[in-house]
Amino acid sequence: MAIGTKELAPAELDTFEDQRLVEELRKAKEELFNLRFQSATGQLESHGRIRAVKRDIARLYTVIRERELGIRATPAPVEVPAKKATKSKAKKADSADDAVKEEAE
């Protein structure tokens, strides 16, 4: 990737979850809007940035579509280890399980 955002490299996009890709796409579209607005008012200093943001948007759309088609794998969800239950919570859970078992009988 010659021009563009270094944080949106294709290898980096593979690690993002679908929701994060949508959020990055929203941010990029918002940045493109702001850049176009600056260009129209004569305040834009770096015209190459518009091209880079457009490429980032295209890259994001490509990754999203490839995941929809099954071409690109969605990253496996990372499981957060559950905290150990305290004694009072464990007792409440046991009593709730016992109540459910009694209702079933």
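1. The chain holds four helices and zero strands, in the order α-α-α-α along the sequence, where helices (H or I, at least four residues) and strands (E, at least two) are DSSP runs numbered from the N terminus. This is a predicted model, in which local features need pLDDT of at least 70 and side-chain atom pairs count only at pLDDT 80 or more, while totals for chains, interfaces and linings use all residues. Residues are numbered from 1 along each chain as its sequence is written, and side-chain values use heavy atoms, with hydrogens and water left out.

2. Of the contacts (heavy atoms within 4.5 Å) with a separation of 6 or more, 62% join residues 24 or more positions apart. Among the 105 residues, 21% count as buried, buried being under 20% relative accessible area, exposed over 50% and partly exposed in between (1.4 Å probe, protein chains only).

3. The count of salt bridges is nine, each being a side-chain nitrogen of Lys or Arg within 4 Å of a carboxyl oxygen of Asp or Glu. In helix H2 (residues 18–41), Arg 20 and Glu 24 lie four residues apart, and their closest N and O atoms are 3.7 Å apart; Arg 20 is partly exposed at 43%, whereas Glu 24 is buried at 10%.

4. Arg 26 also forms a salt bridge with Glu 30, at 2.9 Å between the closest N and O atoms, and both residues belong to helix H2, about one helical turn apart.
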